[in-house]
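Student: Hi! I'm new to this one and would like a quick walk through it. Can you put it up on the screen?
Tutor: Happy to, here you go.
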Amino acid sequence: MTHHRPIPNVLTIAGSDPSGGAGIQADLKTFSALGAYGTSVVTALTAQNTRGMRGVHPVPVEFIRLQLDTLLNDVSIDAVKIGMVASREVAEAIRDALEARRPRWIVLDPVMVAKSGDVLVERVGIAAVREVLVPLADLITPNLPEAAVLLDAAAPTSRQAMAELAPRLAALGTGAVLLKGGHLAGPSCPDLLMTENGTHWLEGSRISTSNLHGTGCSLSSAIAARLALGDALPEAVTAAKQWLETALVESRRLDVGRGHGPVHHFHQWW
């Protein structure tokens with residue numbers, strides 16, 4: 001008799017996006033597209049669309065804690081993706097819940113800077129992510145502006161600057177760093193993965209599209225899903241990056257909004 005490994009369960013802890021391209025909605029679509037079962041804890045409701053954010057309504061920390069405890073008391077979680085966290089109280093509630101029932105993998109996407117360049121999280125929230133959640137994570141996935149905010153430094157403008165910044169991010173206490181180079185000028189989007197086994201450049205082509213809404217959410221969720229499915233970290237990151245590149249290319253098949261549209265999460269399916 002053949003025993004198949006159960007489909008893994010992955011949790012996203014993030015805000016909601018009514019337009020479906022980012023946040024909880026993008027994360028759940030990504031988990032599903034890659035073959036993992038998605039669960040979610042909502043940290044904030046937002047009023048946003050493909051053209052921007054109109055408002056944020058944080059979920060009270062007591063209810064975030066109740067969501068986490070209720071879910072984790074029942075469902076065994078293989079990997080977690082953490083998105084936007086705006087306060088120390090929320091960061092500490094997440095840390096306490098995940099330390100009590102530690103999943104194998106924790107991926108932190110430090111969502112702090114909007115596509116417009118606006119800093120989304122106040123200084124106290126940035127400090128909480130840096131001091132409470134970064135040391136909890138097996139992998140953090142900042143883009144260049146987010147890395148700059150985490151370190152209170154200038155954003156890198158070259159590969160050399162990225163290579164110099166990555167060890168400073170690792171020194172914050174995380175297990176590994178994926179520093180995303182999409183903000184660099186030029187035709188390529190090189191990402192730098194730093195693990196305990198060394199540094200790896202992951203090359204990628206710049207896709208000509210304006211459908212960039214939720215790319216960071218989707219990439220970090222894809223990595224979490226691949227880790228839950230059994231990939232080693234470098235393989236998970238590589239597979240997730242390739243999946244996202246195709247999702248960007250295939251986003252031309254979608255017609256969602258009049259601003260920065262979403263990627264096509266289900267390009268392999270429909």
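Student: How many bridges join β1 to strand β4, and do they run parallel or antiparallel?
Tutor: There are 4 bridges between β1 and β4 (residues 79-82), and the two run parallel. Strands pair if DSSP finds at least two bridges between them. As for names, helices (H or I, at least four residues) and strands (E, at least two) are DSSP runs, numbered from the N terminus.
Student: Which residue of β4 stands opposite Ile 13?
Tutor: That is Ile 82.
Student: Before we go on, what kind of model is this?
Tutor: It is a predicted model, where local features need pLDDT of at least 70 and side-chain atom pairs count only at pLDDT 80 or more, while totals for chains, interfaces and linings use all residues. Residues are numbered from 1 along each chain as its sequence is written, and side-chain values use heavy atoms, with hydrogens and water left out.
Student: Back to β1, then: which other strand is joined to it by 7 bridges?
Tutor: Strand β2 (residues 37-49), again running parallel to β1. Ala 14 is placed opposite Val 42 of β2.
Student: What do β1, helix α1 and β2 make?
Tutor: A right-handed β-α-β unit, with α1 covering residues 23-33. Right-handed here means that, with the strands pointing away from the viewer, the path from the first strand over the helix to the second runs clockwise.
Student: How many of the residues in β1 are buried?
Tutor: In β1 (residues 9-15), 7 of 7 are buried. The cut-offs are under 20% relative accessible area for buried, over 50% for exposed and partly exposed in between (1.4 Å probe, protein chains only).
Student: New topic! How many aromatic pairs does a search of the whole structure find?
Tutor: The search finds 1. Phe 266 and Trp 270 have ring centres 5.4 Å apart and planes at 25°, so they count as stacked. Rings of Phe, Tyr and Trp (its six-membered ring) pair if their centres lie within 6.5 Å; planes under 30 degrees apart are stacked, over 60 edge-to-face and the rest tilted.
Student: Is Trp 270 buried or exposed?
Tutor: Exposed, at 55% relative accessibility, whereas Phe 266 is buried at 17%.
Student: And where is Leu 169 found?
Tutor: In helix α6 (residues 159-170). Leu 169 is buried, with a relative accessible area of 0%. Leaving aside residues up to four places away in sequence, it touches several others, including Ile 140, Leu 150 and Val 177; contact means heavy atoms within 4.5 Å.
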